[in-house]
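Here is a short report for a first look at this structure. It starts from one contact and widens to the whole chain.

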Amino acid sequence: MSRPYENSHEGEAENVSGAEAQVIPLHGPGREKPDTATQADRDLRESADAQDQVKQQERRADAPVVEFPGSTRVSPARTRPAVEATDSLPASLKTALGFLRDRLTGDYTVDEFGFDAELTDTLLMPPLRALYEKWFRVDTFGVENLPSDGGALLVSNHSGTLPLDALMTAVAVHDHVPGGRHLRGLGADLVFQVPLVGSFARKSGQTLACNADAERLLRNGELVGVWPEGFKGIGKPFSSRYKLQRFGRGGFVSAALRTGVPIIPVSVIGAEEIYPKVGEVKLLARLLGLPYFPVTPFFPLLGPLGAIPLPTKWSIEFGEPIRTDTYDADAVDDPMLVFTLTDQVRESIQQTLYKRLSQRKSVFKG
């Protein structure tokens, strides 16, 4: 007689190939079907939690992000506002930040003479340009005579007790020649012996006034400035203003002949009156190792205030170039030719000074 299966689960197991298969009830212990109301409440809570998480993420995205120094993980969402903020900065501030970054990372170049173009453009040129434009109100003439590329020797008169005329000429060259060329000045030994002054002179492109350095710069295609009067020019008394002193032995002409570059006469009006020299103290000059210790109507009577230059109106004129590439290679050994060219440059500057002075109506208004 067969055994019924209706009231027992034992009939749910059968032997299949010697293995016993067990049927697990759908709603056995621990698998009870959840209550419909309870499940609905849970779904609502999960939906509310998901919405809160979305709102928190949106608030975090809108909040400002502060990166700690040295952090390397930067998400695109954080980088974008930083880039937009940098783009909105003024050009001068971006230049200053770029300069600081290059100084800290060492990513800048200095040439064989110690010239640092980035430092010159960023730190030195702005205050000199303010002096050039606002204080001396310099007018320039003949800028078309300055070459946009290639070497040239600029020869200028020298005056003013302090060599501010050389600095203003450098600003004129930089701001008026396409590409912002720098004037590489030749200075006396004393300039490079003064602490701090000598270092800045090197970094701004100045070098010793010797033929070897001058010729190397000219062959490299640089604009080189020379002031042949030297201390005799800037230290002359006010009574001798605008009267050119001796130009030396014409060493600058020899450098131009050897390199075949043009000589450009430069005439500066206005520098003679910034520190009217009425006398000098020779004893102090010897003690301090200076070529002269000037006495002006304001210095040393007013102390540091007397060192402020008078706001005279300046003009700088660049004359027509005098070519040297038409002479033979051995022309530099001809002393008469060197003397003739030296005198020609000197006369060109002197005549231009007289012409500009005859047109000037006022020392302070031009």
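In this predicted model, a polar atom of the glutamine 350 side chain lies 3.1 Å from the backbone nitrogen of leucine 244. Glutamine 350 also touches Tyr242 and Lys243, leaving aside residues up to four places away in sequence.

Is glutamine 350 buried or exposed? Its relative accessibility is 7%. Buried means under 20%, so glutamine 350 counts as buried.

Now the helix around it. Aspartate 334 caps the N-terminal end of α12. One of its side-chain oxygens sits 3.1 Å from the backbone nitrogen of methionine 336.

| Side chain | Backbone nitrogen | Distance |
|---|---|---|
| Glutamine 350 | Leucine 244 | 3.1 Å |
| Aspartate 334 | Methionine 336 | 3.1 Å |

How far apart are the end C-alpha atoms of α12? They are 37 Å apart. The helix has 25 residues, so at 1.5 Å a residue it should span 36 Å, and the two values agree.

Last, the whole chain. It holds 12 helices and 11 strands. Of its 366 residues, 35% count as buried. Among contacts between residues at least 6 apart in sequence, 74% join residues at least 24 apart. The chain exposes about 22,700 Å², with 57% supplied by carbon and sulfur atoms.

Key
Residues numbered from 1 in each chain as written. Predicted model: local features only at pLDDT ≥ 70, side-chain atom pairs only at ≥ 80, totals over all residues. Heavy atoms only, no water. Buried < 20%, exposed > 50% of the residue type's maximum accessible area, 1.4 Å probe, protein only. Polar contact = N/O pair within 3.5 Å; in protein donor to acceptor, adjacent residues only side chain to side chain. Contact = heavy atoms within 4.5 Å. Helix = DSSP H or I, 4+ residues; strand = E, 2+ residues; numbered from the N terminus. Expected span 1.5 Å × (residues − 1). Areas by Shrake-Rupley, 256 points an atom, 1.4 Å probe, with all protein chains shown as cover.
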